[in-house]
Amino acid sequence: MAVNTAAIGKTYPPSLYAVGREKVKEYAAAVGEHSPLYHDHLAARAAGFDDVVAPPMFAVVFTARAIMPALFDPEVGIDFARMVHGSQEFRWGPLVVAGDEITTVATIDDISTRGEMGVYVFATESRNQRDEVVCSGVWSNLVRPG
Amino acid sequence: MKPGDEFELTVTPDRFITVRYAGASGDFNPIHIDEEFARQVGLPGRILHGLWTMAQVARAHTEALGGPDKLERLSVQFRGMGVMESEIVVHGIVREVGEDRAIVDSEARQNGKRIIRNGEAEIRL
């Protein structure tokens, strides 16, 4: 399928996400994470954290909204109904805890074709309020031809 | 930890897991929560979120290898589709152990199919 590669390298405005204690607990419950670190702020404090700890994959919650503008960018031109998630990579820095404020920037890393499929690769970098990189992600989406 | 060490996690997603995960994650793609819509686009029915299944792979690592701070990197490939009410088995095996990092390979199977493959993690030692 034909793809428009003009958007490669495009970066989207930063997205700010405030990590809430109840949101961390809700996410942890939905993915079967039952450690008190994720559910009990007193247990988390006893373990040396400021508040409940977000499971590593909570990164999805604060990065997804940064990626939305890229997914729906007409210049990128993804047919959302034909898109499947091909692969995913996350690299984590310091753990995220409730009370953190996370700023995420999304970039179009690559747009290419693989056989009949369009391949769209997005990169995200998320930093906390101390400017530490808490998570970087590579999101690879495949779009079937129409 | 040494090369060849293995771990496993089993989980059976219930009928409404995709609804709870949609709310928790913000991913409301109807293929995960609307049976009729899913069938209309050619799926057998509602399917699991790939990132929910990846979260099970991540959990398998952090539960077996010492907690969330140990997981430095995880990459996976999604294949096929995961469904509700059928057991998923995550399997991990330590490939190599260095001075301060270990490399772990993983996959997730359901109904005899690999729904996540080529999982590769770096673990802080």
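This is a predicted model: local features need pLDDT of at least 70, side-chain atom pairs count only at pLDDT 80 or more; totals for chains, interfaces and linings use all residues.
Residues are numbered from 1 along each chain as its sequence is written, chains are lettered from A in the order in which they are written, and side-chain values use heavy atoms, with hydrogens and water left out.

Helix α3 of chain B spans residues 50-65 and reaches 23 Å from its first C-alpha to its last, close to the 22 Å expected (1.5 Å times one less than its number of residues; helices are DSSP runs of H or I with at least four residues, and strands are runs of E with at least two). Just after this helix, Gly66(B) takes a positive phi of about 110 degrees.

The largest pocket holds about 1,200 Å³ of space (a pocket is an open set of points on a 1 Å grid with protein on both sides within 12 Å along at least five of seven lines, and lining residues have an atom within 4 Å of a point). Of its 47 lining residues, the closest to the centre are His85(A), Asp27(B), Asn29(B), Ile31(B) and His32(B). Helix α4(A) gives the largest share of this lining, seven residues, and α3 of chain B is among the elements that give two or more.

The whole structure also contains two cavities of 30 Å³ or more, a cavity being a set of grid points where a 1.4 Å probe fits but cannot get out. The largest cavity, of about 90 Å³, is lined by 15 residues, with Ala54(A), Pro56(A), Trp92(A), Leu95(A) and Val96(A) nearest its centre. The second largest cavity has about 30 Å³ of space, and α3(B) supplies the largest share of its lining, three residues; the lining includes Ala55(B), Ala58(B) and Arg59(B), together with Pro56(A).

In chain A, Asp51(A) is found in the loop between α3 (41-46) and α4, and its 10% relative accessibility means that it counts as buried. The side chains of Asp51(A) and Arg21(A) are joined by a polar contact of 3.0 Å (a pair of N or O atoms within 3.5 Å, of which, within protein, one must be able to donate a hydrogen and the other to accept it, residues adjacent in sequence counting only if both atoms are side-chain atoms).

Methods
Grid points are joined across faces, edges and corners, and a volume is the space filled by probe spheres set on the points. Buried means under 20% relative accessible area, exposed over 50%, partly exposed in between (1.4 Å probe, protein chains only).
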